[in-house]
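Work through the exercises below with the sequence and the 3D view open. Try each task before you read its solution.

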Amino acid sequence: MLLEYYLILSALLFTIGVIGVLVRRNAIIIFMCIELMLNAANLAFVAISRNLGETTGQVFVFFVMAVAAAEVAIGLAIIVSVFKHRQTINVDEINSLKG
Amino acid sequence: MNAEQILFILFGAVSLIGAVSVISFRHPIYSALSLVVTFFAQAGLFILLGAHFVAAVQVIVYAGAIMVLFLFVIMLLNLGTLSAKGAIGPKVKGFAVILGILLAIEGIYIALNSANDTTVAAAESATGTTTTYDIGKLLFSEYLLPFEVTSLILLAALIGVIVLVKRESQEEN
Amino acid sequence: MENLPLFFILSSIVKIVIIVHLLLIGVMLMIWAERRVSGWMQDRLGPNRVGPQGLLQPIADGLKFMFKEDIIPDHVDKPLYVLAPAMLLVPALITAAVVPFGSSIELFGETINLQIADINIGILYILAITSLGVYGVVLGAWASNNKYSLLGGLRSSAQMISYELTLGLGIIGILMLTSSLSLRTIATEQGAYPWQWNFLIHFPAFLAFTTAMFAETNRLPFDLAEAEQELVAGYHTEYSSMKFAMFFMAEYMNMIVGSAVTVTLFLGGWHFFGLENVGGPVWSGLISFAIFFVKTAIFLFGFIWVRWTLPRFRYDQLMNFGWKFLLPIALTSIVVTGTLWIMTGSRLVVGIGNAVSAFIVVSIVAGMLVMTTPKPAIQESDSRFSPTALDAVE
């Protein structure tokens, strides 16, 4: 299987994630789109790792996943506490720095 | 067309459809489920690439933990569809899609170029599978420091979440 | 991938068909056993009218379920409501694909392993698939659009995430000593005698793993997701007919597969002393399967036993227990196993070290809990409800 196809798929998934962040206003869905982008990067990592015949790329995927897990925990906690204050998670309405 | 190509097209199509559904469903629960489908298709792609360990971890971490957290929060806050007030107009949407298409073209261009570079570098392009042993060995020798730093990141996240939630409850009291 | 021998494909298909049917029959038997054993424990009879000893009762129940009206309430989210039971049942079924049910059979000059697929990430596969079971519960709960269901779903998702950690950490000790993720290798490495099985070497991890497995299968004392006294029937309140039956079957199937995995990991798989290498190439395989079956059945009896022994946890007790007892035990077990194994390389030392360290951890945690628990504002002796106060009034 050629590397190009995997990289193109990865680029498309990344793009869909970017469009999602631009188009949607729901903080949770924006968050999911960020996860989608991280995953697209993972796919590229593994594909290139396979192509070069070494494992380093997969180790990086491991790190990306750990960072993604940490990010989700923090991000969702922030979303929950914002929702408690403002009763909304629409990113356009959460526009003041002071709670 | 061999089995690997058929499976690639299958998993690739499912992950793309899932990804598009994530950004097009109105309700966050459906978006979250579409994302789970995408993650599954990606795990399938990882298996095709011989990365069994990464595929299993992908399902355990993303589908098993992260997305359950998402569902938990969506259900906890009982987030329905957002009010129309927050929706953005078709003009902005069209602009975003045009930007996205530009980005996709750029990405594909880079993909094709870099693929040409690397395929030359590894002519004998390994077809074997990576075992958990290989990854573990690399993780605990060459990448030991990054590995330990990862644990610090997780610890920081843990403390951060506790602080966020703790302050909240004190203010309420 | 294209060059698989025909024999392999055929034998795999036969194995899949046999194991799926065995699981379904196992679910039937288990439902019957649960009712009969519950009856026995409560000094009553249980169902005994349909067939000998009431054995055909599950079939009668199944027929009844099929002919009941399948009600889909108006207020539900229809697509997810229909999907949820399947999302619980399917993971329960496909987990069985990597469990080795016996040694091997020689037929037509070929060796057939009594296992559908011996993949090199066997344990990770099981962890991955069991972590998906929560979707069925959570989505069924949410789609039902009923506040009791939603509460059940919320409880279930928090419970599953908390106990999954222990489930994963509990097996790491075994992985370190076996240095393989394949379930067949893990089962083969254990000898024929009980003291060679993993549960003695990793006793604390075994307890933590088993407890976490009870939580993952939503069985008493961890059935907070359905808790009929508080939440009507929890996540499946709004379900009827075959959809309810699928939830029901998934619970029993999870129990069976969970027991099979525990037997493979901790209780020596298909090994039992005196019955190794008995009979010819076919019979020894079948005997090993029988041993596995008996061990799993004994473990399943434990499920029913625990159900009528322990009351349900309160939600805060559940979280305290998971995070403050089980997780530290599992973590300590990993550290102690690794350290002692590198230092001495003796399974005996590792086993003793594990037991001692778990005892110390539990004592420390219990001590800290006692010390940090705030004293009640009214001392018992000051309360007007205490027996001594009553004396003073009189």
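**Ground rules and a first look**

Chain B has 6 helices and 0 strands; helices (H or I, at least four residues) and strands (E, at least two) are DSSP runs, numbered from the N terminus. The model is predicted: local features need pLDDT of at least 70, side-chain atom pairs count only at pLDDT 80 or more, and totals for chains, interfaces and linings use all residues. Residues are numbered from 1 along each chain as its sequence is written, chains are lettered from A and ligands numbered from 1 in the order in which they are written, and side-chain values use heavy atoms, with hydrogens and water left out.

**Exercise 1. Describe chain B.**

Step 1. Read the elements from the N terminus on: they run α-α-α-α-α-α.

Step 2. Check burial. Buried means under 20% relative accessible area, exposed over 50%, partly exposed in between (1.4 Å probe, protein chains only). Of the 173 residues in chain B, 40% are buried.

Step 3. Look at contacts, meaning heavy atoms within 4.5 Å. Take those in chain B with a separation of 6 or more: 56% of them join residues 24 or more positions apart.

**Exercise 2. Describe the interface of chain A and chain B.**

Step 1. Count residues. Chain A puts in 70 and chain B puts in 82.

Step 2. Give the area. Buried area is the accessible area (1.4 Å probe) that two parts lose on being put together, summed over both. Here it is about 6,900 Å², with 78% on carbon and sulfur atoms.

Step 3. Pick out residues. Met32(A), Arg50(A) and Met65(A) lose the most area in chain A to chain B, together 11% of what that side buries.

Step 4. Look for polar links. A polar contact is a pair of N or O atoms within 3.5 Å; within protein, one must be able to donate a hydrogen and the other to accept it, and residues adjacent in sequence count only if both atoms are side-chain atoms. The rule finds 5 residue pairs in polar contact across this interface (both at pLDDT 80 or more).

Step 5. Name the helix. H3(A) gives the most to the side of chain A that touches chain B, with 25 residues.

**Exercise 3. Do likewise for chain B and chain C.**

Step 1. Count residues: 25 of chain B are in contact with 25 of chain C.

Step 2. Give the area: about 2,200 Å² is buried, and carbon and sulfur atoms give 79% of it.

Step 3. Look for polar links: 3 residue pairs are in polar contact (both at pLDDT 80 or more).

Step 4. Name the helix: H3(B) gives the most to the side of chain B that touches chain C, with 15 residues.

**Exercise 4. How many salt bridges are there over all chains, and which residues form them?**

Step 1. A salt bridge is a side-chain nitrogen of Lys or Arg within 4 Å of a carboxyl oxygen of Asp or Glu. The whole structure has 3.

Step 2. Take Glu34(C) and Arg307(C), with closest N and O atoms 2.5 Å apart. Glu34(C) lies in helix H1 and Arg307(C) in helix H13 (residues 283-307) of chain C, so the pair ties together parts 273 residues apart in sequence. Glu34(C) is buried at 3% relative accessibility; Arg307(C) is partly exposed at 26%.

Step 3. Take Asp61(C) and Arg35(C), at 2.9 Å between the closest N and O atoms. Arg35(C) is partly exposed, with a relative accessible area of 34%.

Step 4. Take Asp70(C) and Lys243(C), at 2.8 Å, N to O. Asp70(C) is partly exposed at 39%, while Lys243(C) is buried at 9%.
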